[in-house]
Amino acid sequence: MMRREKLLWFCTCTALEVMTAAGVTAYLLHLGQTTIALISSVVFAKVIVFHFVIEIHEKLKQGRRLILKS
């Protein structure tokens, strides 16, 4: 079951954002645009952290529901 969950994680919005952020930042660094790469990294980091917080919040909410039902 754990392996399946890890594979499904790659289809989530957060995983796609992480891969996109890494690709965009690497490409901008390759072009020598360090300032723009830094700005894009900061913007991507804020969005990624937001999605991780939402995912953790949803998991905690589901856990509470399971505890309350039993």
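Select Lys61 and Glu58 and display their side chains: the two meet in a salt bridge, at 3.9 Å from N to O. The term denotes a side-chain nitrogen of Lys or Arg within 4 Å of a carboxyl oxygen of Asp or Glu. Side chains of opposite charge can pair when their charged atoms come close. Lys61 and Glu58 are three residues apart in helix α3, and therefore separated by about one helical turn. Lys61 is partly exposed, with a relative accessible area of 30%, and Glu58 is likewise partly exposed, at 35%. Here buried means under 20% relative accessible area, exposed over 50%, and partly exposed in between (1.4 Å probe, protein chains only). A search of the whole structure finds one salt bridge.

Two notes on the model belong here. It is predicted: local features need pLDDT of at least 70 and side-chain atom pairs count only at pLDDT 80 or more, whereas totals for chains, interfaces and linings use all residues. Residues are numbered from 1 along each chain as its sequence is written, and side-chain values use heavy atoms, with hydrogens and water left out.

Next, select Val18, Phe52, Ile56 and Leu60 and show their surface. These residues form a nonpolar patch with about 330 Å² of accessible area together. Patches consist of residues with over 30% relative accessible area and no salt bridge, with like charges joined within 9 Å and nonpolar side chains (Val, Leu, Ile, Met, Phe, Trp, Tyr) within 5 Å. Accessible areas come from the Shrake-Rupley method with a 1.4 Å probe, and for residues only the protein chains shown count as cover. Which helix gives the most to the nonpolar patch? Helix α3 (residues 34-69) does, with three residues. Ile56 lies in helix α3 and counts as exposed because its relative accessibility is 52%.

Move to helix α2, residues 13-31. Colour Thr14, Ala15, Glu17, Ala21, Thr25 and Leu28 to see the buried residues of α2. Just after α2, select Gly32, where phi is positive at about 85 degrees.

Finally, display the whole protein, which has three helices and zero strands in the order α-α-α along the sequence. Helices (H or I, at least four residues) and strands (E, at least two) are DSSP runs, numbered from the N terminus. Of the 70 residues, 13% are buried. The accessible surface comes to about 6,000 Å², 72% of which belongs to carbon and sulfur atoms.

Methods:
The expected span of a helix is 1.5 Å times one less than its number of residues.
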